[in-house]
Amino acid sequence: MAIDGITSDFVYSGDQKPQVVDANYDNSKMSQEDFLKVLLADIQWQDPLNAKDISEFINNAVKLRELEVLNSFESNIQTFVSTMQSQSLFFASGFIGKLVEYEGNQTYVQNGTGYASFSLSSPADFVKVTILDHEGNIVEEKVFSNLSAGEEYPIEINNPNITDGYYTVSIEATNQGVPVDATVKSLAYVNQIRKDKDGIYAVTDVSSIPLDKIIGIGG
């Protein structure tokens with residue numbers, strides 16, 4: 001029964017709690033604002049005869065602060081990543097119209113001259129270097145013996161009879177018949193710079209080179 005001068009509207013009822021968020025709301029994506037709404041609503045509609053312990057409120061406040069810190073940290077990281085990508089893109093634009101040295105076996109030849117190099121993972125008593133055109137025809141072939149591991153061996157291409165373009169550098173290395181791995185470095189002419197979700201690339205006529213594969217820049 002209502003007391004005179006005081007309406008029953010002020011009596012607590014568990015059925016009157018408001019719906020702050022949707023029933024299927026994903027708590028892992030809760031914003032600071034939504035968290036505060038839920039917290040205030042929880043305090044406002046609690047039973048005054050069975051009020052929650054203040055320690056729970058403190059715990060909720062700590063969670064809110066943690067959420068603020070995490071959101072701020074994530075925002076700072078995103079800003080940092082965006083800044084680094086912009087700087088990398090600006091730096092990479094300097095490659096356009098220039099020859100770059102990169103880790104790969106497609107080397108650029110102009111006016112009959114070109115350059116590449118290779119290194120071996122372990123010593124080899126036999127090494128054959130083959131230069132092939134885009135149709136797989138052998139342009140040049142050189143044989144070396146007793147090469148050491150870790151040293152960089154240059155490959156000079158000097159053939160006025162070949163056309164401008166890219167040529168494949170193939171390395172066959174063995175030590176007492178056992179294959180030896182070889183790493184090839186070549187030259188490429190950069191036409192443009194491309195950025196996508198996977199990174200930034202120097203684009204040539206035959207490939208897209210990741211920036212971390214570029215070793216040096218020429219003229």
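Strands here are DSSP runs of E with at least two residues, and they're numbered from the N terminus. Keep in mind that this is a predicted model. Across the protein there are two helices and 13 strands, and 26% of the 219 residues count as buried. Among contacts with a separation of 6 or more, 69% come from residues 24 or more positions apart.

- The average pLDDT for the protein is 78, and 60% of the residues score at least 70.

- Strand 4 (residues 126-132) and strand 5 (residues 138-144) run antiparallel and are joined by six bridges.
- If you're tracing the pairing, Ile 131 has Glu 140 in strand 5 as its bridge partner.
- Five residues sit between the two strands of this hairpin, and Gly 136 there takes a positive phi near 90°.
- Thr 130 is part of strand 4, and it counts as buried because its relative accessibility is 9%, below the 20% cut-off.
- Setting aside neighbours within four places in sequence, Thr 130 touches Ile 138, Glu 140, Glu 141, Thr 168, Val 169 and Ser 170.

**Nonpolar cores and aromatic rings**

- The largest nonpolar core has 18 residues, and the ones touching the most other members are Phe 118, Leu 120, Val 127, Val 129, Ile 131, Ile 155 and Val 169.
- Strand 3 (113-120), strand 4, strand 6 (153-158) and strand 7 (165-175) each give two or more residues to this core.
- Take Ile 155: leaving out neighbours within four places in sequence, its contacts are Gly 114, Tyr 115, Ala 116, Ser 117, Phe 118, Val 129, Ile 131, Val 169 and Ile 171.
- There's also a second, separate core of 13 residues, with Val 100, Tyr 102, Tyr 166 and Ile 200 among its members.
- Tyr 166 turns up again in a ring cluster, linked with Tyr 108 and Tyr 189 through ring pairs.
- The count of aromatic pairs comes to four.

- Strand 11 (residues 199-203) is joined to strand 12 by three bridges, and the two run antiparallel.

**Two loop residues with positive phi**

- For background, most residues other than glycine have a negative phi.
- Asn 146 isn't a glycine, yet it has a positive phi of about 55°; you'll find Asn 146 in the loop between strand 5 and strand 6.
- Asn 146 is classed as exposed because its relative accessible area is 61%, over the 50% cut-off.
- Gln 176, another residue other than glycine, has a positive phi near 55° and lies in the loop between strand 7 and strand 8.
- Gln 176 is exposed too, with a relative accessible area of 71%.

Notes
Residues numbered from 1 in each chain as written. Predicted model: local features only at pLDDT ≥ 70, side-chain atom pairs only at ≥ 80, totals over all residues. Heavy atoms only, no water. Pairing = 2+ DSSP bridges. Helix = DSSP H or I, 4+ residues; strand = E, 2+ residues; numbered from the N terminus. Phe/Tyr/Trp six-rings, centres within 6.5 Å; stacked < 30°, edge-to-face > 60°. Core = buried A, V, L, I, M, F, W, Y, C linked by side-chain atoms within 4.5 Å. Buried < 20%, exposed > 50% of the residue type's maximum accessible area, 1.4 Å probe, protein only. Contact = heavy atoms within 4.5 Å. pLDDT = per-residue confidence, 0-100.
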